[in-house]
Amino acid sequence: MAGVDRRVPIRRLLSEAAEGQPVVITGWVKTSRFGKNVSFVHLFDGSTPNTIQAVLPANFDAELQGQLGVGTALRVTGQWVASPGSEQALEVAVEDVQVVGAGNTPDYPLQKKRTTLEFLRTIAHLRPRSNTHQAVVRVRNSLSWQIHRFFQERGFLWIHTPVITGADAEGAGEVFPLSNAPEFFGRPAFLTVSGQLEVECFAQSHTDVYTFGPTFRAENSNTARHASEFWMIEPEIAFADLDDVVALAEDFVRTVAAAVLEQCSDDFAFFDRFIEKGVVEAVQKAIEKPFQRVTYHEAQAILEASGREFEFPVGVGAHLQAEHERFLAEEHFEGPVFVTDYPADQKAFYMRRNDDGETVAATDLLVPRIGEMLGGSQREERHDVLVQELKRRGMSDEHLWWYLDLRKFGTTPHGGFGLGFDRMLMWITGVQNIRDVIPFPRSPGSAEF
Ligand code: 4AD
Ligand code: MG
């Protein structure tokens with residue numbers, strides 16, 4: 001391994017270092033225990049869920065020992081040696097300790113080993129050091145990486161769609177406007193709710209593309225699965241219909257979930273033990289078998305026949321609410337299910353009208369515990385039909401002239417989906433509130449950090 005004077009990440013130390021080797025470790029104190037004969041300090045550095053044990057000999061500088069409390073940043077030099085303790089195979093026999101940053105331990109808010117997730121939200125600047133958020137951050141990173149890997153391996157191009165946009169892609173009006181846009185841009189503009197409309201331009205030039213970035217919604221839904229700022233992954237494919245979109249979505253969810261479970265198996269052991277018992281097996285089972293597929297009409301019939309008392313009405317014409325979505329995925333299908341062909345009036349203006357004249361070629365993927373994790377569709381590629389639909393909805397086409405233009409010049413059947421990145425993270429980790437999987441969550445009334 002690299003030179004002795006260079007710090008080694010704990011992850012590499014545990015996997016690569018040879019017994020007897022000199023090592024330099026940097027990190028923060030998780031726990032410390034001072035005894036008459038020897039003292040123990042456990043350090044973490046974020047590279048792995050594991051801490052390493054640093055053992056200070058009996059004659060170690062007493063004054064220095066007093067400075068090694070929880071939260072302190074240290075640089076430790078010593079030997080990587082066999083550990084007599086049963087908790088670990090190897091440990092660091094300390095020769096030198098440098099206090100890089102004092103811990104001010106009595107005031108440190110992360111004293112207890114485990115505190116509530118609610119409390120941790122009030123200290124979003126320090127919670128990355130808690131066990132739960134240490135793991136969340138690594139899994140979040142892994143999921144991002146595996147998403148890019150999935151698309152890159154299949155030849156999809158990553159398109160950087162704009163964060164500032166003039167198009168309300170979902171037409172729902174739940175946008176954050178930029179207050180200086182009229183003077184600055186000479187027109188209204190806001191933070192994007194979806195990169196879809198822009199990425200469609202690139203599907204019509206590069207065929208297989210995706211956008212992956214932050215999106216913003218000023219919905220006043222203060223629920224455990226809504227955030228005002230969240231990440232969305234949106235592939236878009238040309239020369240494709242709804243079946244192609246569904247097939248891509250299934251391949252995507254299965255491949256990416258399996259890869260993350262494998263890459264972060266240590267972290268998933270933590271989630272399984274402390275956050276949601278059995279979550280790993282549940283996700284593994286869900287991605288082993290083919291996902292189910294039903295139409296909106298079939299789904300409503302299932303809900304009607306269920307004999308369940310729901311808070312919201314069921315039956316054709318009714319919206320699928322979270323309680324219905326969860327019933328379908330958790331209890332009826334016991335796994336992920338695509339619902340397709342929703343009534344046009346329940347969905348966005350760009351979705352392709354089916355031949356029945358009533359429904360659109362849309363799909364939502366519902367999963368246990370979460371409900372809707374992904375929404376997509378085939379897009380309306382027929383210029384006249386799209387113009388008609390905008391009229392019918394009373395929407396102006398003034399700001400969508402370029403979107404309509406795509407339907408004039410070499411239009412193709414095409415489609416895609418948007419997957420809620422943070423919801424997928426909730427699904428695989430078992431974390432129940434979206435505020436606990438986003439580094440600095442934004443929701444109505446909350447943007448402190
Ligand atoms: O269903 P939505 O609104 O679809 C779109 O935005 C399309 N333009 C996607 C596309 O076809 N390219 O959002 C997609 C997904 C939802 O299924 C959900 O998982 C997530 O984004 N989502 C949210 N996640 C967290 N907080 C919110 N407020 C969310 N709103 C949607
Ligand atoms: Mg949706």
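**Ligand 1 and its surroundings**

Let's start at the ligand. An oxygen atom of ligand 1 sits 2.9 Å from a polar backbone atom of Met373. Keep in mind that this is a predicted model.

Two side chains come next. Arg379 has a side-chain N or O atom 3.0 Å from an oxygen atom of ligand 1. Glu219 faces a nitrogen instead: an N or O atom of the Glu219 side chain is 2.7 Å from a nitrogen atom of ligand 1.

How much of ligand 1 does the protein bury? Taken alone, ligand 1 exposes 620 Å², and the protein buries 93% of that.

Now, which elements do the covering? Strand E14 gives the most, with five residues.

The shell has 24 residues. Glu170, Gln196, Glu219, Glu234 and Glu372 come nearest to ligand 1. By type, the shell splits into eight nonpolar, eight polar and eight charged residues.

Let's step back to the protein chain. The chain has 449 residues, and 50% of them are buried. Its secondary structure comes to 14 helices and 15 strands. The C-alpha atoms fill a box of roughly 85 × 55 × 40 Å along the principal axes.

Next, the contacts. Take those with a separation of 6 or more: 65% of them join residues 24 or more positions apart.

Last, the surface. The protein chain exposes about 21,100 Å². Carbon and sulfur atoms supply 51% of that area.

Technical notes
Residues numbered from 1 in each chain as written. Chains lettered and ligands numbered in written order. Predicted model: local features only at pLDDT ≥ 70, side-chain atom pairs only at ≥ 80, totals over all residues. Heavy atoms only, no water. Near = heavy atom within 4 Å. Polar contact = N/O pair within 3.5 Å; in protein donor to acceptor, adjacent residues only side chain to side chain. Areas by Shrake-Rupley, 256 points an atom, 1.4 Å probe, with all protein chains shown as cover. Helix = DSSP H or I, 4+ residues; strand = E, 2+ residues; numbered from the N terminus. Nonpolar A, V, L, I, M, F, W, Y, C, P; charged D, E, K, R; others polar. Buried < 20%, exposed > 50% of the residue type's maximum accessible area, 1.4 Å probe, protein only. Contact = heavy atoms within 4.5 Å.
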